[in-house]
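I opened my notebook next to the viewer today, friend. Here is what I looked up, entry by entry.

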Amino acid sequence: MLQMLICRSCGRQLSRPVNLLEEDAPKAPTPTIEDQVPPFAEGIALIVREEPIRTVIVGDPHPLSVTPQAWMNPNDLLKTVRNSNLASRLNGCCGLDGCDGPNQLCVCGAEIGTRLSDCWTMNVFVPLQEATEWTTNGLEQ
Ligand SMILES: [Zn+2]
């Protein structure tokens, strides 16, 4: 079923309509775990329950360690999503490593998720559950 990610704070649309799939669904793709490569083609969001991107965390709970978490191809995000204003959230070598907390904002200023794009990470976006929601509103079913 096609759904779009929206910001809970302002209701703005954050993604194009994508096919939101559980990882064990018949049509779910097997994610490619490869540096700087999106885990799957555009048009899909995968709900991951077994192995989050960060399986071992030292210290505070980290948004990338919770399950279930959705993985998205960053190409499905709209221009309503941009980098955090906090330089401390934008660490990385060649891109964003996502290790320091949510690094993506909605244009309203709400933190809405974490982007990874570094030379040792997938190229992926993980929405923050508490700050976003999936909706079919406005989409033809
Ligand atoms: Zn917003």
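Entry: I began with the spacing of the zinc donors along the chain, which reads C-x2-C-x95-C-x1-C. Donors here are N, O and S atoms within 2.8 Å of the metal (3.2 Å for Na, K and Ca), and water is not among the atoms, so sites may look incomplete. I noted that this is a predicted model, in which local features need pLDDT of at least 70, side-chain atom pairs count only at pLDDT 80 or more, and totals for chains, interfaces and linings use all residues. Residues are numbered from 1 along each chain as its sequence is written, and side-chain values use heavy atoms, with hydrogens and water left out.

I then listed the protein donors of the zinc ion: the SG atoms of C7, C10, C106 and C108, at 2.2 to 2.3 Å from the ion. What arrangement do the four donor atoms around the zinc ion make? I read angles of 103 to 113°, so the arrangement is tetrahedral. The label applies to four donors if all angles lie between 85 and 135 degrees; four count as square planar and six as octahedral if opposite donors are over 155 degrees apart and all others between 65 and 115, and anything else is irregular. For reference, I jotted down that the ideal angle for four tetrahedral donors is 109.5 degrees.

C7 lies in strand β1 and C108 in the loop between β6 (104-106) and β7 (111-116), so the pair ties together parts that are 101 residues apart in sequence. Helices (H or I, at least four residues) and strands (E, at least two) are DSSP runs, numbered from the N terminus. C7 is buried at 1% relative accessible area, while C108 is partly exposed at 34%. The cut-offs are under 20% for buried, over 50% for exposed and in between for partly exposed (1.4 Å probe, protein chains only).

**Entry: the cores.** I looked up the nonpolar cores, meaning sets of buried Ala, Val, Leu, Ile, Met, Phe, Trp, Tyr and Cys residues joined through side-chain atoms within 4.5 Å. The largest has 16 residues, and C7, L14, M72, I112 and F125 have the most contacts inside it. Two or more residues come from each of β1 (2-7), β2 (18-22) and β3 (44-48). Another core, of twelve residues, lies apart from it and includes A28, V48, M122 and V124.

**Entry: L128 and P63.** I found L128 in the loop between β8 (124-127) and β9 (132-135), buried at 10% relative accessible area. Beyond four places in sequence, L128 touches P63, P102, E111, I112 and G113. P63 sits in the loop between β3 and β4 and is partly exposed at 22%.

Entry: Most residues other than glycine have a negative phi, and most peptide bonds are trans. I therefore flagged two spots by that general rule. T67 and P68 are joined by a cis peptide bond, with omega about -5°; P68 is in the loop between β3 and β4 (69-72). Q36 is not a glycine, yet has a positive phi of about 65°. Q36 belongs to the loop between β2 and β3 and is partly exposed at 41%.

**Entry: the whole chain.** I counted zero helices and nine strands. The radius of gyration is 14 Å, close to the 14 Å of the globule rule for 141 residues, so the protein is as compact as a globular protein of that length. That radius is taken over C-alpha atoms, and the rule is 2.2 Å times the number of residues to the power 0.38. Along its principal axes the C-alpha trace spans about 40 × 35 × 25 Å. Buried residues make up 43% of the 141. Among contacts between residues at least 6 apart in sequence, 55% join residues at least 24 apart.

Conventions:
Contact means heavy atoms within 4.5 Å.
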